[in-house]
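Colleague: Could you take me through one part of this model in detail? I'd like the ligand site first, and then whatever sits around it.

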Amino acid sequence: MDEVNQHKEGAEQPSAKTDEVMVKIEHLRKCFGSKEVLKDINLTLHKGENLIVLGRSGQGKSVTIQCIVGLLTPDKGSVKVFGQEVAELSNDELKELRTRVGFLFQSGALYDSMTVKENLEFALTRVLKIKDQQELDQRVKEVLEGIGLPEAIDKMPSDLSGGMRKRVGLARTLIVKPEIMLYDEPTTGLDPITSREISELILKMQKKYKTSSIIITHDMECARITGDRVLIMNDGEYIAQGTFEELQHSEDEFVKSFFLDTL
Amino acid sequence: MAEQIMNSGWRRWMESVGDQTVFLTSFFRNVFSGGFEWSEFVRQSYEIGYKSLTLVSITSFIMGLVLILQLRPTLVDFGAASMLPQTLAVSIIREMGPIITAIICAGKIASSIGAELGSMKVTEQIDAMEVSGANPVQYLVVTRILATTLMIPLLTMIGDVISLFGGYFALNFTDDVSFTLYFTKCFASLDFTDYLPALVKTVFFGFAIGFVGCYKGFNSNKGTESVGLAANSAVVTASLWVFFIDMLAVQITNLLFY
Ligand SMILES: Nc1ncnc2c1ncn2[C@@H]1O[C@H](COP(=O)(O)OP(=O)(O)OP(=O)(O)O)[C@@H](O)[C@H]1O
Ligand SMILES: [Mg+2]
């Protein structure tokens, strides 16, 4: 328990890029039926920062970020994005907030009835109301080149491989240029080379657009490349936080077990 | 124990009525809120209408044919064989055409909408749409419900005419009736009070089929087996609704016109 506190204290100052707070979660609790998935989640995401969340499967990492965009409502506690309490927003305000937050689903969640191009344009035409076909084409082309899949433009999602789908899902999220990005396991199921490319892409986005991101991952390489700060989740709470190097040399058995392969 | 089961069944029923009311309200709010998805509506109308045309045509043709073959001996006994076209026309236009088309479409369309939206739910596509700030109800639900509401009446009209052709075909096995005489007789027996209620009820059939399909798909759980469940219960519920509406429609028609 001592180490835990030590990590928490150690993490507060150095890693945050600026002081502006993008997401602040306090005492978040979420149950499904009688199962308490999130017990007491506290998290602060600063502007321009990449925050890594580690944790075993089924711990509620995805549930946490679903609370941030209002897909799930917390049972208790507060979730503030851009200083606004998400649960108290009206429909229009929530929609406005969602245009500024990108969400990469664990499964990619491409719309199977549409081509890659239509997938990418979906939010542009409907949410950002861009009607100019030239601008649409330009943005689609740019983002597809960014993920290295310009030839997939007219393919259907069912014709893509798992890794390609993941990258198109990433492109679909990035194309609206969100201020906050929530990545749910961006590299899972990809080969090491593609994983690395995705990790570098995440880093590039952070630098280029000053996006702040929460990155859920099991991939320690991705965490090492992209992370400014790392949180470790267990049993519905964060039990440790710090920079990658700090946690790598932690004394705590549980924390250590995550970093075994990286030393 | 029994009481517990009763209670939970009752509660679940009440909850589902509540959910459906919410869903219905959000449908109407979105219909009138602007941002209508024309191209998706056209695509759905094509998928729903055009692709059901063959099935509806075949069943309608057989229906008309069989009805004539079944009716003929009885009417001949009564010495009323010349009344065959009129009898067929009345039963097709008023009842058999609308109900057969609606049941066929409940099986074909409600299930496919249920399965499609159900699988979009399972694979988080609906969540993704919502999180992107777009409106999944507008894009997925409004277009589909309006498409069925428009297409089922159209399919029924086409089916009705094809049924009458089926009847003509059957009648020519035994009698030699001219094409003109047959159709003159058919339509002579019908008036406004036959067409209008039939048309109105098919609009409701169409709405019910689209609504049930969308509701079941949109609210399915996030497991793979729930896709099949959504499709299955969409068919069952939509078919029940069709018969229920049919029963109400006949009462109201009788009250208004006779
Ligand atoms: N909508 C939901 N309804 C009911 N239970 C849910 C729902 N979403 C998640 N859960 C439950 O919450 C728990 C945490 O799920 P979550 O998806 O957040 O895990 P995770 O930490 O993201 O795991 P993984 O690394 O495998 O993705 C799981 O036990 C899951 O069954
Ligand atoms: Mg997850």
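Modeller: Here is a walk from the ligand site out to the rest of chain A and on to chain B. Keep in mind that this is a predicted model.

Let's start with the shell. Ligand 1 is surrounded by 13 residues, and the closest of them are Lys35(A), Ser57(A), Gly58(A), Ser62(A) and Gln106(A). On its own the ligand has 630 Å² of accessible area, and the protein covers 67% of that. As for secondary structure, β2 (35-46) and α2 (61-68) of chain A are the elements giving two or more residues to the shell. Of the elements, α2(A) gives the most, with three residues.

Now for Gly55(A), which belongs to strand β3 (residues 50-55) of chain A. Is Gly55(A) buried or exposed? Its relative accessible area is 2%, so Gly55(A) counts as buried. Beyond its neighbours within four places in sequence, Gly55(A) is in contact with Lys61(A), His218(A), Met233(A) and Phe258(A). Thr115(A) is another matter: 60 residues along the sequence from Gly55(A), with the two C-alpha atoms 34 Å apart.

Chain A splits into domain 1 (3-100 + 179-257) and domain 2 (115-177). Taken over C-alpha atoms, the centres of these two domains of chain A are 25 Å apart. Their contact takes 15 residues from domain 1 and eleven residues from domain 2.

Next, the packing. In soluble globular proteins, nonpolar side chains tend to be buried together. Here the largest nonpolar core has 125 residues, and Val81(A) and Ile232(A) have the most contacts inside it. Its largest share, ten residues, comes from helix α6 (residues 136-174) of chain B. Domain 1 and domain 2 of chain A each supply at least three residues to this core. Zooming in on Val81(A), and skipping residues up to four places away in sequence, you'll find it touching Met22(A), Val23(A), Ile68(A), Val86(A), Leu97(A), Val101(A) and Ile180(A). Apart from that core lies another one of 19 residues, including Leu65(B), Val177(B), Tyr182(B) and Leu190(B).

Two backbone angles in chain A are worth checking. Phe82(A), in the loop between β4 (76-81) and β5 (84-85), has a positive phi of about 50° although it is not a glycine. His27(A) is in strand β1 (residues 21-32), and its phi is also positive, near 50°, again in a residue other than glycine.

Last stop, chain B: helix α6 also holds Thr149(B). Why does Thr149(B) count as buried? Because its relative accessibility is 17%, and the cut-off for buried is under 20%. A polar atom of the Thr149(B) side chain lies 2.5 Å from the backbone oxygen of Ile145(B). Leaving aside neighbours within four places in sequence, Thr149(B) is in contact with Val203(B), Gly206(B) and Phe207(B).

Technical notes
Residues numbered from 1 in each chain as written. Chains lettered and ligands numbered in written order. Predicted model: local features only at pLDDT ≥ 70, side-chain atom pairs only at ≥ 80, totals over all residues. Heavy atoms only, no water. Core = buried A, V, L, I, M, F, W, Y, C linked by side-chain atoms within 4.5 Å. Buried < 20%, exposed > 50% of the residue type's maximum accessible area, 1.4 Å probe, protein only. Helix = DSSP H or I, 4+ residues; strand = E, 2+ residues; numbered from the N terminus. Domains from an automatic or database assignment. Contact = heavy atoms within 4.5 Å. Near = heavy atom within 4 Å. Areas by Shrake-Rupley, 256 points an atom, 1.4 Å probe, with all protein chains shown as cover. Polar contact = N/O pair within 3.5 Å; in protein donor to acceptor, adjacent residues only side chain to side chain.
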